[in-house]
Protein chains: 2
Amino acid sequence: MEQFDNVSVVKKANVYFDGKCVSHNIVLADGTKKSVGVILPAKLTFNTGAPEIMEVLAGECRVTLSGETESRTYKGGESFKVPGNSAFDIEVVDTLHYVCHFG
Amino acid sequence: MEQFDNVSVVKKANVYFDGKCVSHNIVLADGTKKSVGVILPAKLTFNTGAPEIMEVLAGECRVTLSGETESRTYKGGESFKVPGNSAFDIEVVDTLHYVCHFG
């Protein structure tokens, strides 16, 4: 599925890390919130509030979850889970297109 | 209106100029296509296919339309029109959040 249908989109983007990460919030018909975004090549640390599933649509990244020592590589078609109130280090090797699923 | 309701959103973003511009395409219920995006501080030249109305939600830019010599400044709440098959130079002074209306 290349698009979300019947959703609301917040017009103003979320811009993090001087624009290395840009996302737009969307709300599905059932009230579920997600975001669609891009992370440019960079090494960044993200903190989570709610648990997240990061669905990689395209690109490539190496992710190290908080408390872990080894990174794992994720490419388009793959996903990774991040616990709530946690963090992860991400090294984007090739511009990452993603959907972030919360909760 | 801070959001578009009942729209489709293409999950994968458009990334231009090494990520200086990131946008997502949306389709309204009546089939109208728009995009919502961000331009980071930079001097860029955009080419248009269809005519565009750039609605600035937040930020600040100086725009020089193709064929004109003087720039005009646009801030949040303002818009500018660009003819089809044309171009414009834009200097983003403060990160620009925009909606692009086509046609």
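Student: Which residue in β9(B) stands opposite Glu60(B)?

Tutor: Bear in mind that this is a predicted model. Strands β6(B) and β9(B) pair in the antiparallel sense, over 12 bridges. Within β9(B), the residue that stands opposite Glu60(B) is Asp94(B).

Student: β6(B) also pairs with β8(B); which residue of β8(B) does Met54(B) stand opposite?

Tutor: Strand β8 of chain B covers residues 79-82, and its pairing with β6(B) is antiparallel, with four bridges. Looking across from Met54(B) into β8(B), one finds Phe80(B).

Student: How many residues lie between β6(B) and β7(B) in the hairpin that they form?

Tutor: β7 of chain B, residues 72-75, runs antiparallel to β6(B) and is joined to it by four bridges, and in this pairing Arg62(B) stands opposite Thr73(B). The turn of the hairpin contains Gly67(B), which has a positive phi of about 90°. Between the two strands of the hairpin, the number of residues is six.

Student: Turning to the largest pocket, which element gives the largest share of its lining?

Tutor: The largest pocket has a volume of about 320 Å³, and the elements that give two or more residues to its lining are β2, β3, β4, β5, β6 and β9 of chain B. It is lined by 20 residues, and those nearest its centre are Tyr16(B), Ser35(B), Glu52(B), Cys100(B) and Phe102(B). The largest share of that lining, five residues, comes from β3(B).

Student: How many residues of the lining of the largest pocket are charged?

Tutor: Sorted by class, this lining has 12 nonpolar residues and five polar ones. The remaining class in the lining of the largest pocket, the charged residues, numbers three.

Student: And in the second largest pocket, which element gives the most to the lining?

Tutor: About 230 Å³ of space lies in the second largest pocket, and of its 15 lining residues the closest to the centre are Tyr16(A), Phe46(A), Glu52(A), Cys100(A) and Phe102(A). Two or more residues of this lining come from each of β2, β3, β4, β5, β6 and β9 of chain A. The element that gives the most, with four residues, is β9(A).

Student: How many nonpolar residues does the lining of the second largest pocket have?

Tutor: By class, the lining of the second largest pocket includes five polar residues and one charged residue. The number of nonpolar residues in this lining is nine.

Technical notes: Residues are numbered from 1 along each chain as its sequence is written. Chains are lettered from A and ligands numbered from 1 in the order in which they are written. This is a predicted model: local features need pLDDT of at least 70, side-chain atom pairs count only at pLDDT 80 or more; totals for chains, interfaces and linings use all residues. Side-chain values use heavy atoms; hydrogens and water are left out. On a 1 Å grid over the protein atoms alone, a cavity is a set of points where a 1.4 Å probe fits but cannot get out, and a pocket is an open set with protein on both sides within 12 Å along at least five of seven lines; lining residues have an atom within 4 Å of a point. Grid points are joined across faces, edges and corners, and a volume is the space filled by probe spheres set on the points. Ala, Val, Leu, Ile, Met, Phe, Trp, Tyr, Cys and Pro count as nonpolar, Asp, Glu, Lys and Arg as charged, and the others, Gly among them, as polar. Two strands pair if DSSP finds at least two bridges between them.
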